[in-house]
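Colleague: I have just opened this structure and would like to learn how to read it. Could you take me through it feature by feature?

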Amino acid sequence: MRLSHIFSTALFSLILCSCQNNTPSAAQTGHTEAQKAEQEQKRSEIMAIHDAVMPQTAALNRLSRQIKEFMQTEQEAGKLDENRQESLLEVLKRLGEADEAMYDWMGKFYSNLDLLRDSMDHQQVMTYLDAELIKIQDVDALTKSSMEKAKMAMKRIRNQSTD
Amino acid sequence: MNTLIKRNILLIFSALVLISACQIPTNHPAPLPIIGERDVVDGDTIYHTVPDFAFVDQDSQLVTNETFAGKAYVVDFFFTSCPTICPKVTKQMLRIYDKFKDEDRLLLLAHTIDPKRDTVGHLKMYATNLGVESSKWHFVTGEKDALYEIADDYFSVAIEDPDVPGGFDHSGRIILVDPQRHVRSFCDGTDPESVDKFLKDIQVLLDEMKNNANPG
């Protein structure tokens, strides 16, 4: 009776342990220190681009507000023809898309490598980070090009206004 | 005779102690400066003043300048999906919250700069997870241009050139505003030592408010 009690307790403990081990952990997926360092390096590469783009979002919004203000002033003065209006609206649209791309990327990016390691092996983590690197590079390019085009458009239109 | 001399020495000594006690510096910290541009109009100095604003907080309550009438408040800008700077700044804002949570004359105001994702519901969840009181710490959202515009205004004071790399939304600055809407201090919200000094500045401002309320 006593032995059977010990046996059933041991069996129950064994079942409980095996149930709790269903979630893969870092140890289970076997990330070596070298692999972790490689992942960390890739993550740092991504964050360095993020850190360079992020301050630009304030400048981008400032530019967008300047264009809206300019359009309103020109409109009130009856100086904003259809072509210029369309051109500026297109510029604003591109600025908005770049801004949205940045926040959308940040909202979706998993920066916590430990969380990734819990459910992915090394190759999967690297594949994920490689894809995210391309995405943030695209956001960077979009931000720069939209701001450059906006500045050029404003310069051109301001020059036309003073002609 | 001896007794008379002793008494006189005691009297002189007491007088000296009293005089020196009066001369001991009271260690009152200097008042905080009013930061930002200023104009002189008809002999009066006009200081930079925080403009009117209207946003909505985590309880869907309208938050305006009136919300802070007669109070000092601490300002920062953040967004909940921010992977780098904001979590560090929020940690320091929590220090400020904890130190002054029972101080009725100080409130906290955090603006999201990502209103699309940081909805009222999202901000509510964020505030709840932090375990803070809505009446003390307002997390506000609004129209994106309005949020960036007021950020530019606050930070035009705290950053000499807002166009320099590392613009306002990545600077992690925390700003202290007095009841007259003047910026009185700011710190680097990512640097605990900078916040240590800022905590003292808050107390200096609160003492100033107390003295102004009870002059003499």
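This is a predicted model: local features need pLDDT of at least 70, side-chain atom pairs count only at pLDDT 80 or more; totals for chains, interfaces and linings use all residues.

Colleague: Thanks. How many helices and strands does the secondary structure of chain A come to, and how many does that of chain B?

Modeller: Chain A has six helices and zero strands. Chain B has five helices and nine strands, and from its N terminus the elements run α-β-β-β-β-β-α-β-α-β-α-β-β-α.

Colleague: And what can I learn from burial and contacts along each chain?

Modeller: Burial tells you how many neighbours surround a residue, and contacts tell you which parts of the sequence meet. In chain A, 20% of the 163 residues count as buried; in chain B, buried residues make up 32% of 216. Now take contacts between residues at least 6 apart in sequence. In chain A, 88% of these join residues at least 24 apart, while the figure for chain B is 65%.

Colleague: Let's turn to the sheet. In what order do the five strands of the open sheet in chain B lie?

Modeller: The order is E7-E6-E5-E8-E9 (chain B), and the pairing is mixed. Strands E7 (137-140) and E9 (183-188) of chain B stand at the edges; each has a single partner strand, so one side of each is left without a neighbour in the sheet. From one strand to the next, the twist averages 20 degrees.

Colleague: Which way do E5 and E8 of chain B run, and how many bridges join them?

Modeller: Strand E5 (residues 72-78) and strand E8 (residues 173-177) of chain B run antiparallel, with three bridges joining them. To find one in the viewer, look at Val75(B), whose bridge partner in E8(B) is Ile175(B). E8(B) also pairs with E9(B), again in the antiparallel sense, this time over five bridges. There, Ile174(B) has Cys187(B) as its bridge partner in E9(B).

Colleague: Is E9(B) mostly covered or mostly open?

Modeller: Mostly covered: five of the six residues of E9(B) are buried. Remember, though, that E9 of chain B is an edge strand with a single partner.

Colleague: Which strands does helix H2 of chain B lie across?

Modeller: Helix H2 (residues 85-100) of chain B lies across E5, strand E6 (106-112), E7 and E8 of chain B, and runs at about 160 degrees to E5(B). Helix H5 (residues 192-213) of chain B packs on the sheet too, touching E5, E6, E8 and E9 of chain B, with its direction at about 165 degrees to that of E9(B).

Colleague: What about chain A: how far does helix H4 reach?

Modeller: A helix's span can be compared with the one expected from its residue count. Helix H4 (residues 82-108) of chain A has 27 residues and reaches 38 Å from first C-alpha to last, close to the 39 Å expected. Buried residues in H4(A) include Leu88(A), Leu95(A), Asp99(A) and Tyr103(A).

Colleague: Where do nonpolar residues come together?

Modeller: In soluble globular proteins, nonpolar side chains tend to be buried together. Here the largest nonpolar core has 67 residues, and those with the most contacts inside it are Tyr73(B), Leu108(B), Tyr154(B) and Leu176(B). H4(A) gives the most to this core, with eight residues. Beyond its close sequence neighbours, Tyr73(B) is in contact with several residues, among them Phe68(B), Leu108(B) and Val177(B).

Colleague: Finally, how should I read phi?

Modeller: Most residues other than glycine have a negative phi. Asp42(B) has a positive one, near 50 degrees, in the loop between strand E1 (38-41) and strand E2 (44-47) of chain B. Arg181(B) also has a positive phi, of about 70 degrees, in the loop between E8 and E9 of chain B.

Colleague: Why does Asp42(B) count as exposed, and why is Arg181(B) partly exposed?

Modeller: Count the neighbours. Asp42(B) is exposed because it has 5 other C-beta atoms within 10 Å, and exposed means 12 or fewer. Arg181(B) has 16 other C-beta atoms within 10 Å, so it is partly exposed.

Key. Residues are numbered from 1 along each chain as its sequence is written. Chains are lettered from A and ligands numbered from 1 in the order in which they are written. Two strands pair if DSSP finds at least two bridges between them. Helices (H or I, at least four residues) and strands (E, at least two) are DSSP runs, numbered from the N terminus. Axes are lines fitted to C-alpha atoms, for helices over the stretch in contact, and angles run from 0 to 180 degrees between N-to-C directions. Two residues are in contact if their C-beta atoms, placed from the backbone, lie within 7 Å. The expected span of a helix is 1.5 Å times one less than its number of residues. A nonpolar core is a set of buried Ala, Val, Leu, Ile, Met, Phe, Trp, Tyr and Cys residues joined through C-beta atoms within 7 Å. Lists of a residue's contacts leave out its neighbours within four places in sequence.
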